[in-house]
Every structure is written in C-alpha cells, then in structure tokens.
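Let's take a walk through this structure, helix by helix. Keep the 3D view open while you read.

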Amino acid sequence: MSIAILVISILILIFLSIKIKLHPFFSLILVALIYGILSNITITKTLTIIKDAMGLAVTNLGLIVIIGTVTGGLLEVSGATDVIAKKIVYITGTKFAPLGLALTGLIVSIPVFCSSAFLLLAPLAKKISKEANINFMTMIISLSMGCLIPTTFIPPTPGPLAAINILSLNIGQVLFFSILFSVPLIIVTYFCSVFLGKKYPFTKDDNVTPEGTNEKTRFGFLLAIAPILLPVILILSKTFFIDLLRKSSFSYSLLQLLGTTEISLSIGLLISLMLCWMTSKDQTIWQFDGVFGASLRSGAQILLIICAGSAFGAVLQATELKTVLSTFMASSSLGLLTPFLIGAVFRTAIGSITVSLLTATSIIAPAISAMGYNSFFGTILVFLACASGAFMVFHGNDDMFWSVATSTNIDLKVAYKVLPITSIIISISSFLFVLILSFILL
C-alpha cells in the first residue's frame, strides 16, 4: 500500500508539472499534502512536517543559494564570464575548441544558472565556430552539455546542494569528487559534439549574432575566475587540511572560518562586486532594482523549490515507506541501478534537474543502509547514481532546452534529436563510471 501511495503521488506530481504546468513549488507542496493524507497522517501533522522541513532547508541552504545567485549575477554584468571563456578557448586552441567551450560552460555554470550561462556564452560559441571553421552544431552541443554538468553534479549549484543535504554528505568532499567525476563527462561531451555535429550539421546563417559581450573589462583571467575558484579552494582546504593543524593555532581558526561554505562564497561575492566596480562604477548594482535585487528574485524562487522538495522528502520519510523501501532494497539485486532509474524517470517526466535530484534522493535516502551503501563512498556513489539518472532525458520540458533552441535558432526537429541523444549518452556513460568506481571504492 505504501508503494501504491508513492506511485499515485508521483503520477500526480508528473501530471501537475507537465499537463497543468503548475509551478514546481506548489506542485511539490500539494503532492506532499496528498501523500500525507493518503498515508493516514492528519493534515495538521503533515503541515507541521512541511513547515519544519522548509525551515530546516532555509537554515542549511538559504544563504548558500542566495549568495551564489548574486555572485553569478555580478559575474554576468562585469564581463568576467566572457574573459574566462576567451582564455579557456585560447588555451585549448581551435582544434579542441568544443572541449574548451564545454569546460567554459562547466566553470561558468557553477555560479551562474545554466540557462543564463548558455545565453551568455552563445555569442562566443558562434564567433569561435566561424574562426575555427567548426560547424555551429558542434559548439551548441558542447556548450549546452558543459553548462548542464555542474547543474547536475557539482555543489553548490542548487540541485546537487539540496541532494547532498538530504544524504547528509559533506559539501567539500562531494565537491572534490564531483569535480573529478566531471572530467570524463566533459571528454564524452567533446566526442558527442564532434560526432553529432557532423551527423546533424547546422545549416542556417541567421543564428546568433555576436553581441552581449563586455568589451570594457579591465581585469585579466585570474581575477575573473577568482570568485569561482577561490571559494572552491577554501572549502576543499578546510575539508582535507583542517585536521592537520593544531586546534589551538591561529591557522586552524582562520581556515575553520574561511573554509565555511557561506564565508568562502561571500568572499567570492565581494571579489565579483569589485570586478563590477572596476568595469563600471554603477552605484545601482547593490540596490533593489540593480543586480542584487534581480539576482535575489531569481535565487528566492530556486530556494523555495528546494524547500518544497525537502518538505516532500520529509513527508515521505515520516511514513512506513522507509521500512518498506528498506525491505525491498535489501532483497533487490539492482543496487545502484535503482537510484539511477529513479533519477532518470523524474528528469525525463518533469524536466527539472533540481526537483529530480530532490525527489530521487528523498526516496532512496531511507533505504541506503538496506542497500549496503551507508559508508562514506557508498553514499557518494548513490548521489552520483541519482545525478547520472537526472541527466537524462534533456528535452522540451526543461527551460534550458528552450534557451538553447531560441538563442541559437536551431531547427526544433533537429534539436529534439541531437540534445536528447547527447544527454542519454552522457547519462549512461556517467552511470558506467559510477559502476566502475563502485568496484574500486567498495
């Protein structure tokens, strides 16, 4: 009966998302209420669970999401993303320009939402396409998938951040492993883009015009990438080196402070604000109608979706589902295929990577011990399996799909072939890498 109620709730969530097109926040809250009622939890108690879970999500993730969103907006306005893109593509050279562009998309999409990152870098992709004499379709595929990889695998982007919070994983450790894990995915992206770019060449000439880049930047690559790279270094340093220092020492206290996720991201925000000030002394940046205000409006919406997903997960775990799933997983031989399939179903049906990761990890979290993956590496592999599934299938129910299609003027028939095919290949490749890691680490 518990499984039947879960299936009914999931079907309602898919219906509300796809047919009704209800906002994900309200879809998740409504389904959480329905699931609670069907599971014989009173409405009052269900509401209490929802409110407590939302409050906990804001406590754990609120500052991180908001600070990251504002930093992304500042990098966008300052022209730092353009500086990063040009430098990386210069390093890789014209022959491997698609690889450089995918890597650029990955780096820029850590602080900037993937749709915004793609729109920012699309003019550069067009320019490189002409200069390197590489078909524009190749560049579209490499850039779009490069932007999607961190959104799916690398915290502190919202989806992975919320997922590791549910799984009680350390952000620094996951950040380290997910960055390493993304390297082979970027290589797979490169080969996919080259192959499919030749198979489905872009034939239109009236696509992206090279506009929107910031020519007034007064800083170099190291300053441009500092707001992204420095917080990562600080978080990783605290994770791996804090235990080597004496607790009474000044260096221990300093690293403990600077390596805290919120503090390190705030340092990145201050540097990105400085870059904006170097480019243009616009005093409206931090005002209500400036970059701060616009970024906060966007970040608050993402945070609310995360809160609603956490609430749904809390209601799931407040029922007998935990016991039922644990029993099922203990007798199942599917192993890591289970979280992969759950992530894939939700991603394909709903479109939102964040919602897919939240739902998949919420469902699988109570059963991790029964699956035998309750060790540190085991839990990380469960997260990577969920994320691998959440990468497929990339199609028209995702806002990012339309950002790619409209900004490049790609033929929709071709887009519905190329983008889903690429996401499936990367998703399956990613899961194969997870299986390989499971043989090595477990």
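## How the helices pack

The crossing of α9 and α18 is right-handed, a label used when the near helix is turned clockwise from the far one by less than a right angle, with left-handed for anticlockwise. Before going on, note that this is a predicted model, where local features need pLDDT of at least 70, side-chain atom pairs count only at pLDDT 80 or more, and totals for chains, interfaces and linings use all residues. Residues are numbered from 1 along each chain as its sequence is written, and side-chain values use heavy atoms, leaving out hydrogens and water.

Helices here are DSSP runs (H or I, at least four residues), numbered from the N terminus.

| Helix pair | Axis distance | Angle |
|---|---|---|
| α9 (residues 171-199) and α18 (residues 376-389) | within 11 Å | roughly 50° |
| α1 (residues 2-18) and α2 (residues 24-38) | 10 Å | about 155° |
| α19 (residues 399-408) and α20 (residues 412-441) | within 11 Å | roughly 130° |

What do those angles tell you?

Now for the residues that touch, where contact means heavy atoms within 4.5 Å. From α9, Gln173, Val174, Phe177 and Phe181 meet a group in α18 that includes Phe376, Phe377 and Ile380. Sorted by class, that contact has eight nonpolar, two polar and no charged residues. (Ala, Val, Leu, Ile, Met, Phe, Trp, Tyr, Cys and Pro count as nonpolar, Asp, Glu, Lys and Arg as charged, and the others, Gly among them, as polar.)

The crossing of α19 and α20 is right-handed too. Phe401, Trp402, Val404 and Ala405 of α19 make this contact with Leu412, Ala415, Tyr416 and Leu419 of α20. The tally is eight nonpolar, no polar and no charged.

## Buried spots

Which residues of α12 are buried (under 20% relative accessible area, against over 50% for exposed and partly exposed in between, with a 1.4 Å probe and protein chains only)? They are Thr261, Ser264, Leu265, Gly268, Leu269, Ile271, Ser272, Leu273, Leu275, Cys276 and Thr279. Those residues pack against α3, α4, α9, α10, α11 and α13.

Helix α15 (residues 337-350) is mostly covered as well, since 10 of its 14 residues are buried, among them Phe340, Phe346 and Arg347.

In helix α13 you'll find Ile306, which is buried with a relative accessible area of 0%. Beyond its neighbours within four places in sequence, Ile306 is in contact with Leu61, Val65, Pro158, Ala162, Thr354 and Leu358. Ile306 and Pro24 are 282 residues apart in sequence, yet 9.5 Å apart in space, C-alpha to C-alpha.

The other is Ser182, found in helix α9. Ser182 is buried too, with a relative accessible area of 2%. Leaving aside neighbours within four places in sequence, Ser182 touches Leu106, Ile149, Phe153 and Ile154.

How values were computed
Helix = DSSP H or I, 4+ residues; strand = E, 2+ residues; numbered from the N terminus. Axes fitted to C-alpha atoms, helices over the stretch in contact; angles between N-to-C directions.
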